[in-house]
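Subject: Structure handover

Hi,

Here is the structure for your files. My notes on what turned up follow below it.

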Amino acid sequence: MDRLRRAEDWMDSRGRGAWIAAMVLGFIFVWPVGLALVIYMTYANKWSKSMFKGKFCASRREGGMGRHAAWRSSGNSAFDAYKADTLRRLEDEQGAFESFLQRLRDAKDKQEFDSFMEDRAKGATRPAVAAEDAPRGEY
């Protein structure tokens, strides 16, 4: 048990990269060792949010990959006007398409309902079959 504590301290002193390298090597050579390391790292909270605060992730978050990045100004007024016009046109087309789909669904529902009512009306006008006249199947 003392060796495991010393190994853990040694890995902690080397940083998160050492833990990840050990996990990858564990998966490559003996997969249960890699799996055990993943479980241990999760249990011991070796994964932390600071692991994902590298330059690449921060630049993506701050670089305009957000939800409203399309509406930000590029600095070129002609392009911004074109972009605004195109986005407005696309939103209008999306609204028209959604209303078309709704009309299509309504028409299908009406057709199904009319068919149901027609079948129901046919069933009501059929004469009732007497019990003795009803065909009987063999058992």
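H1 and H3 are among the elements that cover the buried residues of H2. Cover here rests on contact, meaning heavy atoms within 4.5 Å. Buried means under 20% relative accessible area, exposed means over 50%, and partly exposed lies in between (1.4 Å probe, protein chains only). Helices (H or I, at least four residues) and strands (E, at least two) are DSSP runs, numbered from the N terminus.

Before you go further: this is a predicted model, where local features need pLDDT of at least 70, side-chain atom pairs count only at pLDDT 80 or more, and totals for chains, interfaces and linings use all residues. Residues are numbered from 1 along each chain as its sequence is written, and side-chain values use heavy atoms, with hydrogens and water left out.

**Helix H2**

Which residues of H2 are buried? They are Ala-18, Trp-19, Met-23 and Gly-26. These residues sit on the same side of H2, because they cover an arc of only 135° around the axis. The arc is that of the directions from the helix axis to the C-beta atoms. The face turned away from that buried side carries exposed Ile-28 and Phe-29.

The length of H2 checks out. Its 14 residues should span 20 Å at 1.5 Å a residue, and the end C-alpha atoms are 20 Å apart, which agrees. The expected span is 1.5 Å times one less than the number of residues.

**Helix H3**

H3 has Gly-34, Leu-37 and Met-41 as its buried residues. Down the axis of H3, they fall within an arc of 60°, so they line one face of the helix. What covers them includes H2. The face of H3 turned away from its buried side carries exposed Trp-31, Ile-39, Thr-42 and Tyr-43.

H3 also passes the length check: 13 residues should span 18 Å at 1.5 Å a residue, and the end C-alpha atoms are 18 Å apart. Asn-45 follows H3 and has a positive phi, near 60°.

**Helix H1**

H1 covers residues 2-14. Its 13 residues should span 18 Å at 1.5 Å a residue; the end C-alpha atoms are 19 Å apart, which agrees. Just after H1, Gly-15 takes a positive phi of about 105°.

**The core**

The largest nonpolar core has six residues: Met-11, Ala-18, Trp-19, Met-23, Leu-37 and Met-41. Such a core is a set of buried Ala, Val, Leu, Ile, Met, Phe, Trp, Tyr and Cys residues joined through side-chain atoms within 4.5 Å. H2 (16-29) and H3 (31-43) each supply at least two residues of this core. The largest share, three residues, comes from H2. Leaving aside residues up to four places away in sequence, Met-11 touches Ala-18, Trp-19 and Ala-22.

**Salt bridges**

How many salt bridges does the structure hold? Four. Each is a side-chain nitrogen of Lys or Arg within 4 Å of a carboxyl oxygen of Asp or Glu. Three of interest:

- Glu-8 pairs with Arg-5, the closest N and O atoms being 3.2 Å apart. The two are three residues apart in H1, which means about one helical turn. Glu-8 counts as buried, at 14% relative accessibility.
- Glu-93 pairs with Arg-89, with the closest N and O atoms 3.1 Å apart. The two are four residues apart in helix H5 (residues 77-125), about one helical turn. Glu-93 is partly exposed at 42%, and Arg-89 is partly exposed at 40%.
- Asp-114 pairs with Lys-110 (3.0 Å, N to O). These residues are four apart in H5, again about one helical turn. Asp-114 is partly exposed at 36%, while Lys-110 is exposed at 52%.

An α-helix has 3.6 residues a turn, so residues three or four places apart point the same way.

**Whole chain**

The protein chain has five helices and zero strands. Its pattern along the sequence is α-α-α-α-α. Of its 139 residues, 12% count as buried. The accessible surface comes to about 12,400 Å², with 60% belonging to carbon and sulfur atoms. Accessible areas come from the Shrake-Rupley method with a 1.4 Å probe; for residues, only the protein chains shown count as cover. Among contacts between residues at least 6 apart in sequence, 24% join residues at least 24 apart.

Best wishes
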